[in-house]
Amino acid sequence: MDSHPSPPGRRERAKQDKRRRIMDAGRALFAERGVGGVTTQQIADRADVAIGTLYLYASTKAELLILVQNEKFATAIENGLATADTAARAGASLVQTLLGLLEPVVACIREQPENGRTYLHELVFGDPSEPHRSHGLALSARLEEGLSCILAKDTDISSNDASTLARVITSIVHMTVTATVYLHETPSDILDRIRRQIVAVVPCHQA
């Protein structure tokens with residue numbers, strides 16, 4: 001019995017192509033102009049699809065931003081997890097290992113600060129049942145789980161405390177990357193602020 005899946009049909013290939021064009025157009029325009037400087041019509045025009053077709057994939061500009069940012073956020077988390085694992089194997093400190101996970105995430109959110117701030121705001125305050133937001137929230141949970149796993153490997157931190165600290169660190173990251181007062185700072189500056197706050201909440205460990 002052939003266990004190989006059948007290749008997608010013409011209709012499915014057309015849907016995948018339209019989704020790819022919409023994603024590429026959204027990613028490029030959001031990067032060029034920021035979410036506030038882009039309309040859904042402009043994205044549809046660049047993707048060469050009708051506006052009604054675009055709304056089949058994302059019903060609002062915010063949802064389209066989330067769709068685009070989710071892909072980037074997922075990649076940043078996976079890169080961070082790999083970096084943290086390498087750091088831990090090399091004998092890095094707890095704080096250095098945590099920062100290894102967070103550095104690509106901070107870079108992702110701060111690549112275009114307006115987009116990053118809007119993305120996080122939409123995830124926190126938008127409808128959690130909306131599919132794109134639901135996926136983004138699952139990614140946030142994946143990040144928090146990664147932090148918790150790193151913390152739990154420390155013999156001085158219980159599993160319950162690791163979960164609590166992971167939530168605290170996630171909140172620190174969220175506030176630091178989105179605060180208006182830090183908008184002029186580089187990702188490196190932001191990461192250093194996060195490092196100092198992590199040291200403060202995990203006082204028995206130094207960077």
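Biologist: By class, how does the lining of the second largest pocket divide up?
Modeller: It has 7 nonpolar, 3 polar and 5 charged residues. Asp, Glu, Lys and Arg count as charged; Ala, Val, Leu, Ile, Met, Phe, Trp, Tyr, Cys and Pro as nonpolar; the others, Gly among them, as polar. This is a predicted model, where local features need pLDDT of at least 70 and side-chain atom pairs pLDDT 80 or more, while totals for chains, interfaces and linings use all residues. Numbering runs from 1 along each chain as its sequence is written, and side-chain values use heavy atoms, without hydrogens or water.

Biologist: What volume does the second largest pocket have?
Modeller: About 250 Å³. A pocket here is an open set of points on a 1 Å grid where a 1.4 Å probe fits, with protein on both sides within 12 Å along at least five of seven lines; lining residues have an atom within 4 Å of a point.

Biologist: Which residues lie nearest its centre?
Modeller: Ala-88, Thr-97, Cys-149, Ile-150 and Lys-153, out of 15 lining residues. Helix H4 (61–89), H5 and H7 each give two or more residues to that lining. H7 gives the most, with 5. Helices are DSSP runs (H or I, at least four residues), numbered from the N terminus.

Biologist: And the largest pocket, what is its volume?
Modeller: About 340 Å³. The lining has 17 residues, and the closest to the centre are Leu-120, Val-124, Ser-140, Thr-170 and His-174. Two or more residues each come from helix H5 (94–110), helix H6 (113–125), helix H7 (131–152) and helix H8 (159–178).

Biologist: Switching topic. How many aromatic pairs are there?
Modeller: The structure holds 1. Phe-73 and Tyr-119 sit edge-to-face, 5.7 Å centre to centre, with 80 degrees between the planes. Ring centres must lie within 6.5 Å to pair, and planes over 60 degrees apart count as edge-to-face.

Biologist: What does that pair tie together?
Modeller: Phe-73 is in helix H4 and Tyr-119 in helix H6, so the pair ties together parts 46 residues apart in sequence.

Biologist: Is Phe-73 buried or exposed?
Modeller: Phe-73 is buried, at 3% relative accessible area. Tyr-119 is buried too, at 0%. Buried means under 20%, exposed over 50%, partly exposed in between (1.4 Å probe, protein chains only).

Biologist: How many salt bridges does the structure hold?
Modeller: It holds 16. Each is a side-chain nitrogen of Lys or Arg within 4 Å of a carboxyl oxygen of Asp or Glu. Arg-27 and Glu-71 meet in one of them, at 2.4 Å, N to O. That pair links distant parts of the chain, helix H1 and helix H4, 44 residues apart.

Biologist: How accessible is Arg-27?
Modeller: Arg-27 is partly exposed, at 26%. Glu-71 is partly exposed as well, at 39%.

Biologist: Which residues are linked in a network of salt bridges?
Modeller: Asp-17, Arg-20, Arg-21, Asp-24, Arg-27 and Glu-71.

Technical notes: Points joined across faces, edges and corners; volume = space filled by probe spheres on them. Phe/Tyr/Trp six-rings, centres within 6.5 Å; stacked < 30°, edge-to-face > 60°.
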